Amino acid sequence: MPSKFRSTRLSQPDRNVQDATSLAAAIASGRTTAPEAMRAALDAAAERAGLGAIATLDPELALAAAERARPGPFSGVPFLGKDLGSGSAAFPPGAGLAAVRKRTMAEESVLFTRFQEAGLVQAGLSTVPPFGLALTSDPARNPLNPQFSPGGSSGGAAAAVAAGIVAIAHATDAAGSIRVPAAACGLYGVKPSRGAVSGAPGFGNHLMGLATELVLARSLRDVAAAFEAVAHGQDTTFATTPRVALCMPERCKKMQNLVARHAADVLRARGCLVDERPAPDRLGERAAGIARTILTASLAEWVAALAIPGEELPPLAAAVAEEGRAMPATRLFAASRDIARTGHELWQAFEEFDVVLSPVLADGPPAFGAFDMEATDAAAHFAQMEATAPNAALANVAGAPALAMPFGEDERRLPVGIQLMSRMGTDRALLDFAAWLAYAAPPVTFPYPIAGHP
């Protein structure tokens, strides 16, 4: 990539932005300490408990870990794991359900080992919907407006970061679960390429390659630094003059598309070639169907493996698991082939452009309680997921990196997020490219500063 496109991805726009990187710098310089930062995070968690962002907290364990924080890009920075996906032996994830938590064995994942090596200090686990099955995370509420959800399934993580309890938090994405909360709460979050982040040793969140994991944060440089600390991937580049496809689904409301169009205008002004293209709705709808097949089969296997009786499951989870149990093996096999077909078709499309720019959400953050875990209509539930975040599953099925970032607000003063998606394996190039927009993005006004930040 020519030097003019090699943005300094670990730098930050000229603003007084509080983030995990600046908190780590304050700890390194002696303006505060890791234990002081952790005590402030624990106090903030108690003060803002009404937001429902945190599922599990262990102050004694967290303070002890802060005393021995490792040097690294995030040395001494308080951190939350997600109650789903990879985890640490100290805080094994329970998928938002007591029935899972009491049956789950503690295991130290490669990802959390790398988080610790980067200096992050885990205090607990963030809230998720049961089994991560929704794009809301009740009882978590959006700190920017509690009438709304912070999204899901990484909604607790997003709420904790937006509320300043922690500056950065673990998140996972199988069908939009990093990008939807990022858009709902004015944060940055990337779904990495398939295989870029290790799921070892358990691979419990693998989902036939749909799911991958990283973080939610208030700045692009935090996300980029986290990727460098824990992931691996090709150091690829885009064309000398990046080519951008602007795709605006008709299902998205006017303000969502207007913000995406504004981002396209910024990129044009910076020398990119921007063409408006039809939204990849056909591929997106196919991807949503593939994701549904895999998620239902996975849940059926998970429930059976843990021997969870039906009465310990929320009605929606029971209905989804039943759908998975009734699924013929031939359908699951066909889904594996369709993953390859979808990835190939998207790969071919990237011969014509480097980045796809689109909205994340159809109409801003979902309302609190928008997804009903007491419902029993699995088909209606998955249709609501697709309607909330059109084509979100496409990046998961195709294995492509997709970054959500704030780029404006709607008439309700709620953040509007945009998505940048690129070819599988181009994570670093995508993060570099996103810095062009991060410099022009209107700042998000968070209701709370980051706890413990001097």
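**Close-up 1. C185, a buried cysteine in a predicted model.** C185 has a relative accessible area of 0% and is therefore buried (under 20% relative accessible area, with exposed meaning over 50% and partly exposed in between; 1.4 Å probe, protein chains only). Its sulfur lies 18 Å from the closest cysteine sulfur, that of C252, which is too far for a bond. This is a predicted model, in which local features need pLDDT of at least 70 and side-chain atom pairs count only at pLDDT 80 or more, while totals for chains, interfaces and linings use all residues. Residues are numbered from 1 along each chain as its sequence is written, and side-chain values use heavy atoms, with hydrogens and water left out.

Close-up 2. A disulfide is a covalent bond between the sulfur atoms of two cysteines. How many disulfides does a search of the whole structure find? The search finds 0, a disulfide being a pair of cysteine sulfur atoms within 2.5 Å. For C247, the closest cysteine sulfur is again in C252, at 11 Å, too far for a bond. C247 counts as buried, at 4% relative accessibility.

**Close-up 3. S358 and its contacts.** S358 is buried at 10% relative accessibility. Neighbours within four places in sequence aside, S358 is in contact (heavy atoms within 4.5 Å) with C247, A260, I418 and Q419.

**Close-up 4. Helix α10 and the residue after it.** Helix α10 covers residues 281-306, 26 residues in total. A307 follows α10 and has a positive phi, near 55°.

Close-up 5. P139 sits in the loop between β3 (121-126) and α6 (155-162). S153 is also found in the loop between β3 and α6, and a cis peptide bond with omega about 0° joins G152 to S153.

Close-up 6. F203 is not a glycine, yet its phi is positive, about 50°. This residue lies in the loop between β5 (188-191) and β6 (212-217), and F203 is partly exposed at 48% relative accessibility. M208, found in the loop between β5 and β6, has a positive phi near 55°. M208 is partly exposed, with a relative accessible area of 33%.

Key
Helix = DSSP H or I, 4+ residues; strand = E, 2+ residues; numbered from the N terminus. Expected span 1.5 Å × (residues − 1).
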